[in-house]
Structure formats: C-alpha cells, structure tokens
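Please read the numbered points with the sequence and the model side by side.

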Amino acid sequence: TPGSKAEYDPVKKEYRITGGGANVWETTDAFYFIWSRMSGDFSLTADVTWVGTSPTEHRKAMLMVRDGLASGAAYADAVSHGNGLTSLQFRGVANESTYQTFINVDGPARLRIVRQGSRFTMYAGKTGGNLQELGPVEYVRIKDPAYVGLGVSSHVATRLETAVFSNVRIEQIKK
C-alpha cells in the first residue's frame with residue numbers, strides 16, 4: 001500500500017510501522033512487514049501500542065514468523081487487533097486457510113511468539129504485567145532460515161494504520 005513505512009527511533013528504541021493491506025487471513029497476505037532471517041528456535045517479544053483510534057476493529061499489529069514472503073506462505077504470528085482481541089494465528093502449510101486461538105488483552109499489550117521446531121506458542125499480557133500462555137500450535141511448516149519480524153495490516157486496502165513496537169527483543173533458544 002502506498003505510504004506504508006517503518007521508522008526506528010534509537011532514543012526511544014521503538015519501531016513505528018505504518019501499513020495498509022486488506023488483511024492477513026485465509027490465504028490473503030496484505031500487510032507491511034519488516035523482517036530479518038533467522039534459523040533454529042527463538043523468541044520474539046515486543047510491547048505493542050496502536051496510534052490513534054480507528055473504526056477498523058480488525059487492524060493487526062503482528063510479531064510474525066514466515067516461511068517466505070509470497071502471499072499464502074506458511075506462518076505463525078502473535079497479533080494485537082485494534083479492538084483488543086489478541087490471537088495466535090497460523091497457516092500450517094502454504095495456501096492453507098488461516099486458523100487462530102485467542103484471548104482478550106485490552107489496550108497496549110506485551111506479546112511474545114516462541115518457535116521450537118514446528119511448534120509455536122504465544123504469550124500475551126498487559127505491558128509490564130504477567131504473560132498468559134496461548135497454544136502451542138503444532139506442525140507449522142517453516143524452513144530455516146525463517147523470515148522473522150514485525151508487521152501491520154490496516155484491514156482496509158485503502159487505509160493506513162500505525163502501531164508502535166517497543167522493547168523489541170529477539171533471542172535464540174538453546175536446546
């Protein structure tokens with residue numbers, strides 16, 4: 001979507017990501033994504049806050065692990081929706097439908113997604129509070145190196161939404 005962008009503030013140590021896109025659901029992948037490649041088991045953690053209000057309840061701020069950048073790729077993500085719904089979403093293999101399991105965490109949230117082989121577990125809670133475990137989901141087929149990063153989908157193709165990701169931490173998990 002034109003106007004999508006990512007900015008990093010080294011003083012605040014936060015990413016401000018503006019993205020468009022119709023959705024990340026079923027086999028559709030329309031969102032803005034910043035990523036790096038990583039192999040093995042790891043965890044990705046961030047505090048997520050939406051900028052402004054929106055009539056779009058299902059705008060999505062995501063901590064995502066993908067098998068590729070093509071639409072329909074296998075993925076797992078920890079998502080904070082605009083309406084407070086927090087979910088672990090996944091597509092086990094390429095072009096499969098998206099599935100989810102969810103909990104409600106209203107307002108700013110701390111999210112973590114953990115990859116252990118083909119198993120993905122999400123942890124979510126209020127910023128600064130205890131995290132609740134969600135999942136795990138099994139058999140998400142993502143080859144190494146995976147695409148690991150932060151993404152935003154506005155859920156409306158012609159609209160942009162902005163989320164701030166702070167306290168971002170990615171850590172390798174030793175076996």
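1. Is glutamate 7 buried, partly exposed or exposed, and what is its relative accessible area? Glutamate 7 is partly exposed, because its relative accessible area of 38% falls between the limits of 20% and 50%. Please note that the model is a predicted one.

2. Side chains of opposite charge can pair when their charged atoms come close.

3. As to the overall fold, the protein chain contains 15 strands and zero helices. Its radius of gyration is 14 Å, close to the 16 Å that the globule rule gives for 175 residues, so the chain is as compact as a globular protein of that length. Along the principal axes, the C-alpha atoms fill a box of roughly 40 × 35 × 30 Å.

4. Burial and contacts in the protein chain may be taken together. Of the 175 residues, 48% count as buried. Among contacts between residues at least 6 apart in sequence, 62% join residues at least 24 apart. The chain exposes about 8,100 Å², and carbon and sulfur atoms supply 50% of that area.

5. Threonine 18 belongs to strand 2 (residues 14–19). Why does threonine 18 count as buried? Its relative accessibility is 10%, and a residue counts as buried because its value is under 20%. The side chain of threonine 18 makes a polar contact of 2.7 Å with that of threonine 162. Beyond its neighbours within four places in sequence, threonine 18 is in contact with several residues, among them Gly3, Lys5, Tyr32 and Leu160.

6. The salt bridges come to ten in number. One of them joins arginine 115 to aspartate 144, the closest N and O atoms being 2.7 Å apart. Arginine 115 lies in strand 11 and aspartate 144 in the loop between strand 13 (132–137) and strand 14 (146–153), so this pair ties together parts that are 29 residues apart in sequence. Arginine 115 is buried, with a relative accessible area of 4%, whereas aspartate 144 is partly exposed at 42%.

7. A further salt bridge links glutamate 138 and arginine 119, with 2.8 Å between the closest N and O atoms. Since glutamate 138 sits in the loop between strand 13 and strand 14 and arginine 119 in strand 12 (residues 119–126), the pair ties together parts that are 19 residues apart in sequence. Both partners are partly exposed: glutamate 138 has a relative accessible area of 34%, and arginine 119 has a relative accessibility of 35%.

8. Finally, a network of salt bridges links Asp29, Arg66 and Arg91.

Key:
Residues are numbered from 1 along each chain as its sequence is written. This is a predicted model: local features need pLDDT of at least 70, side-chain atom pairs count only at pLDDT 80 or more; totals for chains, interfaces and linings use all residues. Side-chain values use heavy atoms; hydrogens and water are left out. Helices (H or I, at least four residues) and strands (E, at least two) are DSSP runs, numbered from the N terminus. Buried means under 20% relative accessible area, exposed over 50%, partly exposed in between (1.4 Å probe, protein chains only). A polar contact is a pair of N or O atoms within 3.5 Å; within protein, one must be able to donate a hydrogen and the other to accept it, and residues adjacent in sequence count only if both atoms are side-chain atoms. Contact means heavy atoms within 4.5 Å. A salt bridge is a side-chain nitrogen of Lys or Arg within 4 Å of a carboxyl oxygen of Asp or Glu. The radius of gyration is taken over C-alpha atoms; the globule rule is 2.2 Å times the number of residues to the power 0.38. Accessible areas come from the Shrake-Rupley method with a 1.4 Å probe; for residues, only the protein chains shown count as cover.
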